[in-house]
Amino acid sequence: MSDLAYQKCLSPDCAATYSVDEPLTGCPKCGALLDVTYDWDRLPVPKSLREIEARWGRRNEPLEFSGVWRFRQLLPFAPDNKIVTIGEGQTILQDARSVAAYAGMNPGKLFLQHEGLNPSGSFKDNGMTAAMTHAHMTGAKHAACASTGNTSASLAIYASSTRQFKVIVFVGSGKIAYGKLSQALDYGAHTLQIQGDFDDAMLQVQAVCKESKIYLCNSLNPFRLEGQKAIIFRILESLRWEVPDWIVVPGGNLGNSSSFGKALLELKQLGLIPRLPRLAIINAQGANTLYQLYEEHGLRWNGGRFDQPLIDKFYVELEASGAKADTLATAIQINRPVNLTKALRSLDACDGVVREVTDQEILDAKAQVGAGGFGCEPASAASVAGTKRLRAEGVIAPSDRVVCILTGHQLKDPDATVGYHSGHDPKLQQMLHAHGVHAMPYANAPLGVPNQLDQILKAIRDSGR
Ligand code: F0G
C-alpha cells in the first residue's frame, strides 16, 4: 500500500514526500502542511461515482455501512483490516424550502447537509475515523487533540467505542459548550481544561504530542482531512451525482474547506465530475482571520507560493493587539486557523469567496434552520447566514443550487438556543447581549401557565396556534 499512497509537502519548492507509515503533522524539512497523495494510475479507482452505490447493498458489512469507508477507493491509504469505524457518515441532505425562502433562494435550491447526525453529533467523525485508522496503522495507543468541543467529543467516542486508544483532550477554560464537554466527560476521555482559549490549547497539544510521542488528531493531521472528503462524496451521491453550484461551509480551523477542495480536485482529476462547484467559507465576525486576509488583504494561494510575510505580519499585529477570538459560535472561535494555506488552495480551485457574519445573523439563521428542519448548533448556521448575505449581494443567484454544511447537532449548545428563544434567563440574556444579539425576531418563547386546566385551555386558545 505504501508506495501507492504517500504524504507530500504542500510547498511546491519543497515537495518532499514521506511514507504513510509516519505520523506527521507538518513537513519535517520545511514546516509546511502535508497532503495524503495517491498514485491514482496504479490504483483501482471507480469508473463512475455510481459504481460506489452498489456497495450500499452490502451494508451489513461495517466498511460498506460506513458513510466514509464505502468510498474508500477515493481515500485508499489504509488496508481494510486496519480500518477503525463506528458507523459514521449516516447523514442526510435535506431540501429545506423554508430556509431557502429565508435566504432568498428559489424553492428546491437550498440544501442542508446535516452532519450533526454523526455518532458524536458533528462532522468530526468523518475525519476521526480516518485519523483513528491511521493511528492504528502506526501502532499508536495514545491520542490527543485540542478542541472547541466537537473534536474532543469525536475523539472520545472513538476511544470509548473501540477501546483501542487512551485519549487526552485539551479544551479552553470556559470556552466550550456544555453539550460537548459533557460528551468528553461521559465517554471517559482524560480532559484538560487549559487556562486559555482554543488557539492556546492548540499550541500546547502540539508541544505535548511532540514531547510524549502521542498521536495528534487535530486537522493538521492530513489523514483526518482524507476522511472529511466523504462529506463531499455523500453530497454528490444525494444529488444523484450532479455537482451543485455552491458549497457553503463555516470556517474555523479550515479543515473542512481544505478537505472539500482536495476532494473536488481529485474527483475532477479522476474524471468523475465534469466541473467544480464554487466554495464559500463563512467566518464569524469575532473570529475572522481568513476573511481579513483573503477579502481585505488579498491573500491568495498563488500556486502554493502565497505571501507568508503577509500572514506573519497579520499574526504579529493580532498578538500585539491582544485580541482574542470572540463569538457565540464557540466551535469556530479560532483566530489562528491551522489549515489556512490549504484553504487558500481550495478557494483558488473553486473560485471561492469568504464572508463574515455577525452573531445576530448566525442566531437568526439558526432559529430558521431549527424551525425548518432538524436544527443545528450556532457555528453551523453561519453557512445559512453566509448564503443569505451572498444572495443579498447578488453573488449567489436565487436559481443556483446551494448546499450549506450543517456541521454540528442542535443539542450541542442548548444555552444559545434557550437564550435566544426564551428571554427569561438573565445569565443567558447577558451572554447574547455581550455578543451584539439584541433582537430575537424568530424567538419561540415558552408561555408560563398556572397549573389549572381552564387556564391552560384559555392560554392555548388565546395563543391562536
Ligand atoms: N462547525 C463546527 C460545529 C465545529 O465544531 C467546527 C470546528 C467548525 C465548524 C469549523 O470547522 O475547522 O473545518 O473550519 N471545531 C473544532 C473543534 C475546532 O475543536 O471541535 P473547520
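Analyst: Happy to. One definition to begin with: Ala, Val, Leu, Ile, Met, Phe, Trp, Tyr, Cys and Pro count as nonpolar, Asp, Glu, Lys and Arg as charged, and the others, Gly among them, as polar. With that, the lining of the largest pocket divides into 21 nonpolar, 11 polar and six charged residues. This is a predicted model, where local features need pLDDT of at least 70, side-chain atom pairs count only at pLDDT 80 or more, and totals for chains, interfaces and linings use all residues. Residues are numbered from 1 along each chain as its sequence is written, and side-chain values use heavy atoms, with hydrogens and water left out.

User: What counts as a pocket or a cavity here?
Analyst: On a 1 Å grid over the protein atoms alone, a cavity is a set of points where a 1.4 Å probe fits but cannot get out. A pocket is an open set with protein on both sides within 12 Å along at least five of seven lines, and lining residues have an atom within 4 Å of a point.

User: What is the volume of the largest pocket, then?
Analyst: About 1,200 Å³, where grid points are joined across faces, edges and corners and a volume is the space filled by probe spheres set on the points. Its lining has 38 residues, and T25, G26, G31, Q206 and L220 lie nearest the centre.

User: Which element gives the most to that lining of the largest pocket?
Analyst: That is α7, with six residues. The elements giving two or more residues are α7 (198–212), β9 (215–216), α11 (308–321) and α12 (340–349). Helices (H or I, at least four residues) and strands (E, at least two) are DSSP runs, numbered from the N terminus.

User: And the second largest pocket, which residues lie nearest its centre?
Analyst: G174, I176, T330, D415 and M431, out of 22 lining residues. The space in this second pocket is about 530 Å³. At least two lining residues come from each of α6 (178–186), α15 (414–422) and α16 (426–434).

User: Changing topic: how many cavities are there of 30 Å³ or more?
Analyst: Four. The largest cavity holds about 290 Å³ of space. It is lined by 26 residues, with F123, K124, N253, A331 and I332 closest to its centre. Nine of the lining residues are nonpolar, 14 polar and three charged.

User: Where does the ligand sit?
Analyst: In the largest cavity; a molecule counts as sitting there if more than half of its atoms lie within 2 Å of the cavity's grid points.

User: Which polar atoms lie by the ligand's nitrogen and oxygen atoms?
Analyst: A polar side-chain atom of T407 is 2.7 Å from a ligand nitrogen. Polar backbone atoms also take part: one of G252 lies 2.7 Å from a ligand oxygen, and one of T151 lies 2.8 Å from a ligand oxygen.

User: Nice. How much of the ligand does the protein bury?
Analyst: 99% of the 480 Å² that the ligand exposes when taken alone; accessible areas come from the Shrake-Rupley method with a 1.4 Å probe.

Conventions
Polar contact = N/O pair within 3.5 Å; in protein donor to acceptor, adjacent residues only side chain to side chain.
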